[in-house]
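Subject: Structure handover

Hello,

Here is the structure I promised. Please open it alongside these notes.

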Amino acid sequence: MTNWQHIRQGLLAGNTLSDQQALLLVGVEDTAALAEVASVLRDRGHANIMTYSRKVFIPLTQLCRDVCHYCTFAQTPKKIDQPYMPIDQVLALCQQGAEMGCQEALLTLGEKPEQRYGTARRALADMGFDTTLQYVREVASRILTETGLLPHINAGCMSAAEIESLREVSASMGVMLESASPRLGQKGMPHYGSPDKDPALRLQTLELAGRAAVPFTSGILVGIGETRRERVESLLALRNIHSRHGHLQEVIVQNFRAKPGTLMSRAPEPDLNELLWTLAIARIIFGPQMSIQAPPNLSPGVLPQLVAAGINDWGGVSPLTPDHVNPEAPWPHLDTLARETAVTGKFLEQRLTIYPAYARQRDHWLDPALHSAVLRQMDGAGYGRRDQWAPGQGHAVPAVEASLLQSEPVEVGAVSHDVRDIVARCEETGALAEEDITRLFNVRGADFSYVAQRADTLRRQTNGDTVSYVVTRNINYTNVCSFKCQFCAFSKGKASEDLRGRPYDISAQEIARRCTEAWERGATEVCMQGGIHPDYSGTTYLDILRTVKAATPGMHIHAFSPLEVWQGAATLDIDFKTFYQQLREAGLGSLPGTAAEVLHDEVRDQLCPDKLNTAQWLETMEAAQRAGFKTTATIMYGHVDEPRHWASHLLHIRELQQRTGGFTEFVPLPFVHMEAPMYRKGKSRRGPSFREATLMHAVARLVFHGLIDNIQASWVKMGHAGIAACLSAGANDLGGTLMNESITHAAGTCEAQEWSPSVMEAQIRAAGRVPRMRDTLYRDVSPERYEASFAARALEEMTNDSAAKYQREKSLPSSQSESVSGPDLIARTSGQIIPVAACN
């Protein structure tokens, strides 16, 4: 077995390449063999995704104290109009880029020009700065705060203090190593006369950036006089520093292009084989996870070959500005780049200047001043949000997802092997791990189409072409709540009136009036929940049930979140079994699975640290189902969570359903961000992306196949266009007509407060499906209820009584029930005393 065969065998088995083995690769001439292994490694780390960053290229100054023999970017003062690009001009360019969907502002500049040119020193002094990097910091800060673009700074060699200063205003930085060989700085070589190209200085900058936890970019140039061994040694030098700090996001392999007017204008350019050999070697040295980048504008016409050599990233591409470093090489049009990427079986996805893994771990990799800006630009996996869609805003389906959802059945060969395997296990109701479900949430491109199509197939097998809905009225009896859930724009506490309206606590008479009105309008259900009022007790909830039943004996009551149940049982000092029995006797029909948010305590610690934890929520739900109640299950997602958290949530629901069979439906509730406190404070994303919202329904259909038959889409959050998409990706139910939806409206949705039965049925028929009016338990409604719902009169104006010092009476005058109140509510769990109160 040759050295290469032995190395190849180890790489495919998952072994890491040693430095000695890497140097042995210098003698391997078979580029195709290297590329084959590189592609396998790339696919292990990046599956079918190729990334790029949509950027604005800002040449902040072309003055430079170095004189690299291949460079046309650097100019002398006589050849440029102004030493530095003015801030107003920078901001105008960035604003224009933001309007075109750019998310990165690339600041490129010559190194330390003030140390060579008086022109630079005078210009800086006139602006109030001593150094170029001080000006860079000011520009980056203004870009960040005034345009929302994320600065990436290529400032060359820097000190620890300079790196720390720029870290406060940039999402990432970079310096091209170019080569670790000092030989290239000798007389007659390309770096002669360029002090900042000393490899030791550039490697020191990389080391300092690692110590400062800066997401960093570096790379090498190919074809400037270096040998293959020197290239490998340069890559190993980068890997060595990265192994200590983990801060290298990407390694760029850039081919030299000869430019007129330079000392290397007649130097031979590296041929394609040399570039492909180096790309493959870079992938093999760095392994599956590293992003290996090749600029697409420097190799037009051969992009599929670059992909085949193991790269996964095209770097920054601008729809607005040219490549000022390589002005002779225009960027490819993004549609063209997407098509050429698709030819290779890959999907072109937009990323930020900070890569996904680093964006997700922002507490370590970003200065706190950058957190809000990055959160608003990223999706749950850390990629860029490439469109403006957000729940509750009524936007059209984004073009990319519209195309993927409307595509012809995906050829199986175009789908990732692991995705096919996981979907097959879902179809057989087989065993699933959290990593499997996480993988389904991360699908893009053809894999996304496949997951949606298979989910739709299972929907058709389970539900046919019928889409159901229920005529219901939401009654949120109070918005007073003693908990401080960070996502909630509905609950009212101290100092919240100016933000979300006045606290209210409605009376028994108003509850009865709304129920009677709902019954007259054809309702079969009232859905009742509220904030955790510190005065409410278990008796309060029992009184509410008796009031509803007294007013409308035939109404099904779907009420009380697990948290309200927990509070009610605690205040009466009884166990769940006893309280559930009392609730049933008072008229409770079923329970909503709200207050779940995301069933992962990492997320709950940020969203609602004083609320029920995951185990407590599951305990309350299981007790309800053991008591004979049917319940729903929900997830409220798209804020500070990630796909792995969603996977954990679905797995918890799946495992409970396997034990009890008590869930009737699963309801994805995308986070509506506009008025949510955590978003207003810059501490959350702006809801899920459209891709994520669609996948939540599709993946739920797959994961719950054979266990939960009904997947519901929320019209008040997804809107008309979103509902249509969800119905083609596994959903079969549109939930309730609602009559008075208030929680999502408090968060800022633009949707109506009611979708009448006629609107529901028109929406369903427009999707090519058959509408069916159901009741809470998915049974057909009577003809009388159906007819009454279509003859409904307009709703009367509601009365939301202002909250008083104590709770308003929830018993009608004929009731003899007495409410028990008290602000100091406790519950016992696992031998500990915990406070109880929360919103939904």
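In which strand is Q293 found? Q293 lies in strand β7 (residues 291–293); strands are DSSP runs of E, at least two residues, and helices runs of H or I, at least four, numbered from the N terminus.

First, the ground rules. This is a predicted model: local features need pLDDT of at least 70, side-chain atom pairs count only at pLDDT 80 or more, and totals for chains, interfaces and linings use all residues. Residues are numbered from 1 along each chain as its sequence is written, and side-chain values use heavy atoms, with hydrogens and water left out.

Back to Q293. The Q293 side chain makes a polar contact with the side chain of D313, at 3.0 Å. Such a contact is a pair of N or O atoms within 3.5 Å; within protein, one must be able to donate a hydrogen and the other to accept it, and residues adjacent in sequence count only if both atoms are side-chain atoms.

Next, the sheet. Seven strands form an open sheet, ordered β11-β12-β13-β14-β15-β16-β17, with parallel pairing (at least two DSSP bridges between two strands). β11 (472–476) and β17 (710–711) stand at the edges with a single partner strand each, so one side of each has no neighbour in the sheet. Two bridges join β14 (residues 588–591) to β15 (residues 630–637). L591 stands opposite T631 in β15.

Best regards
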